[in-house]
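Subject: Structure handover

Hello,

Here is the structure for you to look through. Please open it first, then read the notes below.

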Amino acid sequence: MQVYFDMNYTSREEFLQEHHRVLESRLGPISREITDNRSCAREELESLYRKIVSYVLLRSGLGSPTDIKIVREATAALQSVFPQAELGTFLTLSKKDKERQLKELTMIVTGIRLFNRDCGKGGEGIDDLPAILHEAIPATTQHIDTQLQTAQDQAYRYTAILEKVAQNPLVSQEFQPYMLKEALFNVRQYEIFLQIVLSDIITCAQEVEMMIKQLAAQLEQLKMTVKSKTAVPTSQVFPIFIALSNLWTSFQDETVLLSVLSNLTTHLEPFLGAHELLFPERVIQDLLDGVTVKTDVCRMKEHMEDRVHLADFRKLEWLFPETTANFDKLLIQYRGFCGYTFATTDGLLLPGNPAIGILKYKEKYYTFNTRDAAYSFAQNPEKYIDLIREQAKKNAELIQLLELHQQFETLIPYSQMKDVDKHYIKPITKCESSTQTDTHILPPTILRSYEWNEWELRRRAIQLANLRQKVTHSAQTDLSHMRRENFSQVYSSKDASTQSTREGSTRVPRPQIYIAGLRGGKTKTTHGVKVNLTRAVDET
């Protein structure tokens, strides 16, 4: 139900803007046919004039362009302000001027037809929108009031049963209160949606009532201006015709808006079908045995005199009706439900009573159903705020029901996506990205042969004039007629290396020879003896 409502409901201003945009897009093809026309022949001009009549009828929404009576009436009204002879002047205008004149002609013709209808001289195919809205708005309001009363009665009974379960633990063992709390969430959300739609319909009724008075005043002024005159200055009547057309367009907008809101209410009803299956009337009556069902108003009246004493809280700020300006317009947290009761009873929704006192904590406002609840919450607000946040994590439907979007920064209602930069903090996301673009997307338009210098141009002109008197000669010799350019392909040299046998060495004994007896001895005659001390090879 929340997803359906979020995707299909928009505010009054956004809906009307989108409705007008769609109408403009539908009129785009025929508007382009008229503004792009370059007719000259007589038959083509007549066809163009018929297209203008069709455009006027489609844009005004006053009858079908296929009905011959409506076309004749619209043609007569158009000819009185834009004769076919002026098509030539129309075709010389720019595209924007043509579109502007078409819109002005549409409003003037619409005003003329509405005035003729009021005088009883025309108005073929024009519905009486004020009378239709005068009947449809009360009927739609009564239907929504009935649905709202039924939903509130159901919510009151569910609340009474859940209070009984909270006070008597034995009852909770007989049935699971979890589904009953889910049902209470569902009914309360349905009630909130109906109140939003009903508020828009009330605004619609106020606008219609004001426009009916303005329409009667404009028609009366037009009658006084025209009376029985055969000719009236256009400066006097054209502004009134345009005002009549704008009022009628507003009536059409209100009709479409009322239809959309009525359909939205109708499509919300099937989302309550599971209540009868899960909790039949017989089961509910058994659970209500000995329980007093209280309405929201009765609960507020019970504790109207139990107000918070400012002397008990010196550091916290409390607001009261008699000391606060615009007390009724304060934005209460949790849609006005008591946060303390919801946190301590695991999801019981009880409406807060602003008369007890509104707690202002961190620039946010909280209401409570009793003074004791207010005192308990004020002692440690962060504790109960965290408990409600944890409860919302388990039941995602509570985020929209209690308007907890600011506590979950990544969750944003679809209807508020346009204003996300204004009201909500976006989560910070980082990623590596790269883009590549062409240096020159379009082909170059530089004219290389362009020359701005007059003297250079004169020099080129003289050069070209001299070339006209010149002759180019060519000759070929025996040595040149066989020559041509040749190409050959070779393998480039490269560095190469090879590995040879490794170097080796051996150690041989070095010969050592000594001569003994050179210094003499005991004998006079010296005898030298050669001694070879070289070791054999096999000993080394």
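The notes below cover a helix pair, the salt bridges and a surface patch.

Keep one thing in mind: this is a predicted model.

**Two crossing helices**

Two packed helices are described by the angle between their axes and the distance between the axes. Start with helix α2, residues 12–35, and helix α10, residues 234–268. Their axes come within 11 Å and cross at roughly 115°. Angles of 65 to 115 degrees count as roughly perpendicular, so α2 is roughly perpendicular to α10. The crossing of α2 past α10 is right-handed.

**Salt bridges**

How many salt bridges does the structure hold? The count is 25. Here are some of them.

Stay in α2 for R21 and E18. These two form a salt bridge, and their closest N and O atoms are 2.5 Å apart. Both residues sit in helix α2, three residues apart, which is about one turn of the helix. R21 counts as partly exposed because its relative accessibility is 48%. E18 is at 38%, so E18 is partly exposed too.

Next, look at R335 and E403. Their side chains meet in a salt bridge, at 3.5 Å from N to O. Where do the two residues lie? R335 is in the loop between β1 (317–319) and α14 (339–344). E403 is in the loop between α17 (397–401) and α18 (420–423). The pair therefore ties together parts that are 68 residues apart in sequence. R335 has a relative accessible area of 28%, so R335 is partly exposed. E403 has 37%, so E403 is partly exposed as well.

K360 and E363 form another salt bridge, with the closest N and O atoms 3.7 Å apart. E363 is exposed, at 61%.

There is also a network: salt bridges link D97, R100 and E104.

**A nonpolar patch**

Which residues form a nonpolar patch on the surface? They are Y178, M179, L277 and L278. Together they have about 450 Å² of accessible area. Two elements, α9 (177–226) and α11 (274–278), each give two or more residues to the patch. L277 lies in helix α11. Over 50% relative accessible area counts as exposed. L277 is at 72%, so L277 is exposed.

Best wishes

Methods:
Residues are numbered from 1 along each chain as its sequence is written. This is a predicted model: local features need pLDDT of at least 70, side-chain atom pairs count only at pLDDT 80 or more; totals for chains, interfaces and linings use all residues. Side-chain values use heavy atoms; hydrogens and water are left out. Patches are made of residues with over 30% relative accessible area and no salt bridge: like charges are joined within 9 Å, nonpolar side chains (Val, Leu, Ile, Met, Phe, Trp, Tyr) within 5 Å. Accessible areas come from the Shrake-Rupley method with a 1.4 Å probe; for residues, only the protein chains shown count as cover. A salt bridge is a side-chain nitrogen of Lys or Arg within 4 Å of a carboxyl oxygen of Asp or Glu. Helices (H or I, at least four residues) and strands (E, at least two) are DSSP runs, numbered from the N terminus. Buried means under 20% relative accessible area, exposed over 50%, partly exposed in between (1.4 Å probe, protein chains only). Axes are lines fitted to C-alpha atoms, for helices over the stretch in contact, and angles run from 0 to 180 degrees between N-to-C directions. Angles under 35 degrees count as roughly parallel, over 145 as roughly antiparallel, 65 to 115 as roughly perpendicular and the rest as oblique. A crossing is left-handed if the near helix is turned anticlockwise from the far one by less than a right angle, and right-handed if clockwise.
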